[in-house]
Amino acid sequence: MEPWAAGPSGVVTLPSGRSVRGRGLRRGPVDAADAPDFGVYLTARLHQESWRSRWIAWPDFRLPREPTSALSALREAYDRSATERVEIACGGGTGRTGTALAILARYDGVPADEAVAWVRAVYRRNAVETPWQRRFVREAQLPL
């Protein structure tokens, strides 16, 4: 599949050049031509798509129910982003998605204390909505 086109809404280019799309699920489904190869979905209830994906139990405005599993799924998304179209999505596409994108930025080498500011600069200025989401980004022990 072709890499994400430059400029579409929600596409973030990590410092290494990898691209990942952040998206709000409430905006509705994507066209088949705009579908990712792999997605990570951050919702309180099970979310499935027709493409390969992982679901992370993650209530709105909170943290993942199983942080270790969440970090593992985000590592898989980061690894796949080198060769595949990857998207990260939650209900609105801001808090949980921003938090996950900040974790991907950390995997890509952005320092923990700069990852929230980085994602706010390149994705959405209000991404990573709560103090505990900011702390999660800063303090998460990332698996290799």
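T97 is found in helix α2, which spans residues 95-107. Helices here are DSSP runs of H or I with at least four residues, strands are E runs of at least two, and both are numbered from the N terminus. This is a predicted model, in which local features need pLDDT of at least 70, side-chain atom pairs count only at pLDDT 80 or more, and totals for chains, interfaces and linings use all residues. Residues are numbered from 1 along each chain as its sequence is written, and side-chain values use heavy atoms, with hydrogens and water left out.

### Around T97

Is T97 buried or exposed? T97 counts as buried, because its relative accessibility is 0%. Buried means under 20% relative accessible area, exposed means over 50%, and partly exposed lies in between (1.4 Å probe, protein chains only).

What does T97 touch, leaving aside its neighbours within four places in sequence? T97 is in contact with G22, R23, L42, I88, A89, C90 and Y123. Contact means heavy atoms within 4.5 Å. C90 also has its backbone nitrogen 3.0 Å from a polar atom of the T97 side chain.

### Salt bridges

How many salt bridges does the structure hold? There are 11. A salt bridge is a side-chain nitrogen of Lys or Arg within 4 Å of a carboxyl oxygen of Asp or Glu. Three of them are set out here.

| Pair | Closest N to O | Accessibility of the Arg | Accessibility of the Asp |
|---|---|---|---|
| R21 and D34 | 2.9 Å | R21: 4%, buried | D34: 31%, partly exposed |
| R75 and D79 | 3.0 Å | R75: 22%, partly exposed | D79: 39%, partly exposed |

Take the salt bridge between D34 and R21. This pair links distant parts of the chain, 13 residues apart. R21 is in strand β2 (19-24), while D34 is in the loop between β2 and β3 (38-43).

R96 lies in helix α2, and D60 lies in the loop between β4 (52-57) and α1 (67-80). The pair therefore ties together parts that are 36 residues apart in sequence.

R75 and D79 form a salt bridge too. Both sit in helix α1, 4 residues apart, so about one helical turn separates them. Elsewhere, salt bridges that share partners join R21, R23, D34, E49, R85 and E87 into one network.

### The largest pocket

The largest pocket holds about 200 Å³ of space. A pocket is found on a 1 Å grid over the protein atoms alone: it is an open set of points where a 1.4 Å probe fits, with protein on both sides within 12 Å along at least five of seven lines. Its volume is the space filled by probe spheres set on the points.

Which residues lie nearest the centre of the largest pocket? They are S9, R21, G22, R23 and R27, out of 14 lining residues. Lining residues have an atom within 4 Å of a point. By class, the lining has 4 nonpolar, 5 polar and 5 charged residues. Asp, Glu, Lys and Arg count as charged; Ala, Val, Leu, Ile, Met, Phe, Trp, Tyr, Cys and Pro as nonpolar; the others, Gly among them, as polar.

### An exposed loop residue

T83 lies in the loop between α1 and β5 (86-90). T83 is exposed, because its relative accessible area is 66%. T83 and W118 are 35 residues apart in sequence, and their C-alpha atoms are 23 Å apart in space.

Conventions: Polar contact = N/O pair within 3.5 Å; in protein donor to acceptor, adjacent residues only side chain to side chain.
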